[in-house]
Amino acid sequence: RPVGSSEGYVLGFEEIFNKIDETIAVGGNQLLLQGGHNPDLPIQWYEDLFRWMKANFPLAIHGLSPEEIRYIAEIENLSIRQVIERLIAAGLDSIPGGGAEILDDEIRYQISPLKCSTDTWLDVMREAHGLGLRTTATMVFGFGEQPRHIVSHLERLRALQDETAGFTAFICWPFQAEGTRLKLRDDTTAMRYLRVFALSRLYLYN
């Protein structure tokens, strides 16, 4: 949502506390934290949140997608490496692979022109791996991309994994158009999901 929208919101620490309690109650040991771009939340807000979480709960923090980290670096006038270093010091344990969609700018510029480029997404992950942080990788398909776009995505992930060995998991899923401005114009059936998933398992042998 744009800045100032009545549909935008920030969870308070008490609300996060309740979500963490629910997670622990069902045996969870990790919390995934992702959000939007909020120019009113400086890096210190995240540092305070992470330190508070670590001081009070036995949970790993799997937080902030590459796009969020890039945005924090932009508004704070810091390098991506500096942002990740500060977040690690505050308690960040790993980075989720959100925002990858299809790692080919031909598709990215069509479906999410305001998100970071393919190279930037990969650079964030490369910096994180270099600092000893592990991350996951994702792919969302079903935007009308061609097979070459999917192969390009997998090739870039495989090349970075060859370089850093920093990815711990790969997750792919079909695009779900509900609640978005994009219309579904592609095959997102279970059969295509199984084909794409099988291809990914073969291609990402590393």
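These legends describe close-up views of one predicted model.

Residues are numbered from 1 along each chain as its sequence is written, and side-chain values use heavy atoms, leaving out hydrogens and water. Because the model is predicted, local features need pLDDT of at least 70 and side-chain atom pairs count only at pLDDT 80 or more, while totals for chains, interfaces and linings use all residues.

**View 1. The largest cavity, lined in part by helix H3.**
A search of the whole structure finds one cavity of 30 Å³ or more. A cavity is a set of points, on a 1 Å grid over the protein atoms alone, where a 1.4 Å probe fits but cannot get out. Grid points are joined across faces, edges and corners, and the volume is the space filled by probe spheres set on the points. The largest cavity holds about 40 Å³. Its lining residues, those with an atom within 4 Å of a point, include His37, Asn38, Tyr46, Glu68 and Ile75. Helix H3 (residues 66–76) gives the largest share, four residues. Helices are DSSP runs of H or I with at least four residues, strands are runs of E with at least two, and both are numbered from the N terminus. By class, the lining has five nonpolar, three polar and one charged residues. Here Ala, Val, Leu, Ile, Met, Phe, Trp, Tyr, Cys and Pro count as nonpolar, Asp, Glu, Lys and Arg as charged, and the others, Gly among them, as polar.

Ile80, Val83, Ile84, Leu87 and Ala90 are buried in helix H4 (residues 80–90). Buried means under 20% relative accessible area, exposed over 50%, and partly exposed in between (1.4 Å probe, protein chains only). What covers these buried residues includes helix H2 (43–56), H3 and helix H6 (118–130). Gly91 follows H4, and its phi is positive, near 130°.

**View 2. Positive phi at Asn77 and Glu101.**
Asn77 is not a glycine, yet its phi is positive, about 55°. Asn77 sits in the loop between H3 and H4. At 71% relative accessibility, Asn77 is exposed. Glu101 also is a residue other than glycine with a positive phi, near 45°. Its place is the loop between strand S3 (94–95) and helix H5 (105–111). Glu101 counts as buried, at 14% relative accessibility.

**View 3. Ile107 and its contacts.**
Ile107 lies in helix H5. Its relative accessible area is 4%, so Ile107 is buried. Leaving out residues up to four places away in sequence, Ile107 touches Ile102, Phe143, Glu145 and His149. Contact means heavy atoms within 4.5 Å. Ile107 and Phe143 are 36 residues apart along the chain, but their C-alpha atoms are separated by 8.0 Å.

**View 4. Thr118 in helix H6.**
Thr118 counts as buried, at 1% relative accessibility. Beyond four places in sequence, Thr118 touches Leu103, Asp104, Asp105, Arg108 and Arg156.

Cys116 is in no disulfide, for the nearest cysteine sulfur, that of Cys172, is 20 Å away. That distance is too far for a bond. Cys116 is buried, with a relative accessible area of 5%. Cys172 is buried too, at 4%.

How values were computed: On a 1 Å grid over the protein atoms alone, a cavity is a set of points where a 1.4 Å probe fits but cannot get out, and a pocket is an open set with protein on both sides within 12 Å along at least five of seven lines; lining residues have an atom within 4 Å of a point. A disulfide is a pair of cysteine sulfur atoms within 2.5 Å.
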